[in-house]
Amino acid sequence: MDVVYVVELGDDNEELRYSLRSLAAHLPHDRVWIAGHRPAWVSGDVGHIPTTQQGSRFRNSTGNLRAACEHPDVSEEFAYFNDDFFVMEPAGEVPRWHRGPLDAVIASTRSSLYRRGAQATALLMSRMRLDTDGPLLSYEMHAPMVVTKAGMLQALDAGAGLPVLHKRTLYGNMQQLGGDQADDVKVRTLDDGPPDAAFWSTSDAAFTGGRIGVLIRSAFPDPCRYEDGHEDAPAVVLPEGETAPAPLAERPAVRAPVADWRAYADAQDPADHSGMTKSELIEQYGG
């Protein structure tokens with residue numbers, strides 16, 4: 001399964017850099033794609049789907065996602081990522097999370113363009129009679145979501161008239177995804193600690209100047225195969241009392257994904273294992 005990032009303009013995108021490092025280390029996947037702006041430092045291992053970005057950030061992200069769904073080389077099913085999503089421990093798959101009933105999420109959200117978009121998306125779904133089998137759910141989690149190209153294109157077409165479309169929510173309810181209710185994992189303030197989950201997300205401020213950003217940078221100090229021509233990052237000093245997520249210390253099963261074997265190799269040897277195949281890792285570290 002491919003991974004698709006929707007990315008806005010801007011070369012100074014350190015969140016994307018560390019998101020890619022976390023993806024390479026911890027989540028099995030096939031090809032990685034960037035729909036939208038591809039920073040100059042991203043390597044040729046990452047496919048690029050260029051788009052025109054002249055509207056609001058909401059319209060731009062929708063246009064980027066549509067371009068990915070219409071691209072013939074992207075896998076039919078893919079993991080939909082934003083550039084501020086981080087995979088903080090080995091994960092065999094992307095979870096199916098929702099935030100609970102949509103009306104409760106709207107009620108707890110402050111008045112904003114985002115809230116009005118949620119209300120408009122809810123009204124659209126009611127008109128589509130998607131609420132006849134139970135309450136509508138909010139899928140606006142700051143975490144990856146597995147989607148199909150055909151299903152997401154149906155959702156984007158259905159919501160084409162909305163200036164702020166809640167794409168994940170419309171897709172999830174149209175596809176009757178169900179899933180597990182969970183708290184959103186986005187960390188927005190400088191002092192907040194990490195979520196109790198394998199997937200994290202940050203605001204720009206929290207990543208740049210907060211405790212959470214230090215933890216993420218300390219967990220992935222070295223470049224991965226998705227970066228081009230960059231030296232190892234300088235050592236990061238952790239806040240007092242904090243520790244970086246521990247590498248996988250127990251020998252994986254032979255059938256385990258390559259990400260588990262790389263994490264295990266990292267625990268045995270500080271060398272860079274990102275370019276090694278699973279067979280090479282088993283041969284060198286499987287004894």
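Select Phe81 and Phe85: both are buried (under 20% relative accessible area with a 1.4 Å probe, protein chains only; exposed is over 50%, partly exposed in between). This is a predicted model, in which local features need pLDDT of at least 70 and side-chain atom pairs count only at pLDDT 80 or more, while totals for chains, interfaces and linings use all residues. Residues are numbered from 1 along each chain as its sequence is written, and side-chain values use heavy atoms, with hydrogens and water left out.

The ring centres of Phe81 and Phe85 are 6.2 Å apart with planes at 55°, so the pair is tilted. Rings of Phe, Tyr and Trp (its six-membered ring) pair if their centres lie within 6.5 Å; planes under 30 degrees apart are stacked, over 60 edge-to-face, the rest tilted.

Next, select Phe86 and Phe207. Their ring centres lie 5.8 Å apart and their planes at 0°, so this pair is stacked. Phe86 belongs to strand 5 and Phe207 to helix 7, 121 residues apart (helices, H or I, at least four residues, and strands, E, at least two, are DSSP runs numbered from the N terminus). Phe86 is buried at 0% relative accessible area, and Phe207 is buried at 4%.

Finally, select helix 8, residues 211-219: 7 of its 9 residues are buried, so the rest of the structure largely encloses it. Arg217 is one of those buried residues.
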